[in-house]
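Biologist: Please take a close look at one part of this model for me: the ligand site. Then carry on into the parts of the chain around it.

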Amino acid sequence: MESADIIVIGGGLSGSAVALGLVRLGGGKVLLFDEQLPSQRLSRGNFGLTWYMCKGGSSPVYAKWCRMATEQWPAFAAELEEESGYDLELEWTGGAVHAVGEEQFAAYEQSVQSLRETCKQAGLDYPVRMIRREEFAGMIPHLPIGEAVTGFMYAADQGHVNPLKLLGALRAEFQKRGGRYFCGKSVTAIQPATAGSCVVLADGERFPCAKVVIAAGHGTNKLLAPLGERLPIYPQRGQLLVTERHPRLLDIPILAVRQTPDGTFVIGLSTEETGHDSQVTMEAMKNQAANAITLFPSLARLNWVRAWGAVRVMTPDGAPIYSRLRDYPAITAIALHSAVSLAPLKISAIAPWILGVKETEQISSFSNGRFHV
Ligand SMILES: Cc1cc2nc3c(=O)[nH]c(=O)nc-3n(C[C@H](O)[C@H](O)[C@H](O)COP(=O)(O)OP(=O)(O)OC[C@H]3O[C@@H](n4cnc5c(N)ncnc54)[C@H](O)[C@@H]3O)c2cc1C
């Protein structure tokens, strides 16, 4: 029986980032358990964008949260690289979404306007603009843009990262600072004990601790059910394709296509309501390939070498859930989409909130209680 100050359940991007934040702040002995189920490879199957663009359309507080995260990204990455020794391959070259046809260009223009209004309510600007095809072509001169593309929604102050290296770096620095990472360890139950503490049961062993953080993605509700709580999260599949390597042509990531520093093009993104099935389908691959070729016709000459699917954790309003359990405040549940983009806030806001040293004003807006009014 090993005891701890804090146990984090789920070693994906969310759990690993929070765990690192806790040890950086001197949160005591922190254990991180991850069961590594192949069906929950979300943190290893994403696109790697570090964006605020298009986020928070119906929620000024979420728009602000995304902006705070993006603003923190460059410094967060620099510190993590220095401390972990990993190169995150962060590129801060902006990001764009392409529009096909005049109707889609006008719809995007409208959505930029509407998010600008939403941001005003949070005292924010929204430095996203629509760019015509010819202007954007000058920004990526080595990759011709397809004729059907009319323009791009673009923001300069965002970027992309290697999400696998991000995950590796978070876990590496966590362990370097004395945190203990248990790979392949499955938590079966959390038992609240006396004086607000808990016992975590994992693979037949008992781990007493003062606080628990559940960041177990789609495994979260199974752990919450016996505690009388449930998060209204739902699954949404996304599929990605990867091409063979090619000398660098594209420096600005587009929502449908990005090129990594090692030369592969990553092509996405599908959004499918197919439950917890993470398989790839020919139909989605064909659609995504066709979309990518509409955007950049010369990609048709490359071979696709890999494809995968992963199941997003979605919330009804798209914003994260960071919530202390009503009856057991020593237990906190975290569930969200966009855990790459929002990673810096796990360190700067969520870990201090869990330790009770600082509460950033937005956090109370993201409790699970907002869905039960
Ligand atoms: C196609 C696609 C593209 C995406 N692109 C982006 C992007 O560009 N930018 C961005 O910000 N986000 C993106 N996302 C979303 C991003 O991948 C997720 O927000 C992120 O991975 C969620 O991380 P998490 O740690 O919260 O959850 P998960 O990665 O699901 O981690 C949960 C972990 O908990 C573990 N676990 C579960 N139950 C237990 C248990 N009982 N005991 C122990 N461990 C347990 C699981 O094994 C898992 O490792 C994308 C998602 C998809 C599908």
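Modeller: Keep in mind that this model is predicted. I begin with a residue on a loop, then move to the ligand.

Cys54 sits in the loop that runs between β3 (49-50) and α2 (60-84). Its relative accessible area is 42%, so Cys54 counts as partly exposed. Leaving out residues up to four places away in sequence, Cys54 touches Leu115, Tyr126 and Met153. Gln104 is 50 residues from Cys54 in sequence, and the two C-alpha atoms are 15 Å apart in space.

Now step back to strand β3, where Thr50 lies. Thr50 has a relative accessible area of 1%; that is under 20%, so Thr50 is buried.

The ligand is surrounded by 37 residues, and the closest are Ser14, Asp34, Ser43, Leu49 and Ser341. Backbone atoms take part too. For Leu13, a backbone N or O atom lies 3.1 Å from a ligand oxygen atom. For Gly48, a polar backbone atom is 3.3 Å from an oxygen atom of the ligand. For Ala339, the distance from a backbone N or O atom to a ligand oxygen atom is 2.9 Å. Taken alone, the ligand exposes 1,000 Å², and the protein buries 96% of that. Which elements give two or more residues to the shell around the ligand? They are α1 (13-24), β2 (30-34), β12 (234-243) and β15 (304-314).

Next, the backbone. Ser338 belongs to the loop between β17 (331-335) and α8 (343-355). The phi of Ser338 is near 60°, a positive value in a residue other than glycine. Ser338 is buried, because its relative accessible area is 10% and the cut-off is under 20%. Glu89 also has a positive phi, about 60°, although Glu89 is not a glycine. Glu89 is placed in the loop between α2 and β4 (95-100). Then there is a cis peptide bond. Gly268 and Leu269 are joined by it, with omega at about -15°. Leu269 is found in the loop between β14 (265-267) and α7 (282-295).

Last, the rings. A search of the whole structure gives 10 aromatic pairs. In one of them, the ring centres of Phe182 and Phe207 are 6.1 Å apart and the ring planes stand at 70°, so the pair is edge-to-face. This pair links distant parts of the chain. Phe182 is in strand β8 (residues 180-183), Phe207 is in strand β11 (residues 205-214), and 25 residues separate them. Both Phe182 and Phe207 are buried. With Phe33, they form one aromatic cluster.

Arg67 has its charged end over the ring of Tyr52, 4.8 Å from the ring centre. Arg258 lies over the face of Phe47, and its distance from the ring centre is 5.9 Å.

Notes:
Residues are numbered from 1 along each chain as its sequence is written. This is a predicted model: local features need pLDDT of at least 70, side-chain atom pairs count only at pLDDT 80 or more; totals for chains, interfaces and linings use all residues. Side-chain values use heavy atoms; hydrogens and water are left out. Helices (H or I, at least four residues) and strands (E, at least two) are DSSP runs, numbered from the N terminus. Buried means under 20% relative accessible area, exposed over 50%, partly exposed in between (1.4 Å probe, protein chains only). Contact means heavy atoms within 4.5 Å. Rings of Phe, Tyr and Trp (its six-membered ring) pair if their centres lie within 6.5 Å; planes under 30 degrees apart count as stacked, over 60 as edge-to-face and the rest as tilted. A charge sits over a ring if NZ of Lys or CZ of Arg is within 6 Å of the ring centre and within 35 degrees of the ring normal. A residue is near a molecule or strand if one of its heavy atoms lies within 4 Å of it. A polar contact is a pair of N or O atoms within 3.5 Å; within protein, one must be able to donate a hydrogen and the other to accept it, and residues adjacent in sequence count only if both atoms are side-chain atoms. Accessible areas come from the Shrake-Rupley method with a 1.4 Å probe; for residues, only the protein chains shown count as cover.
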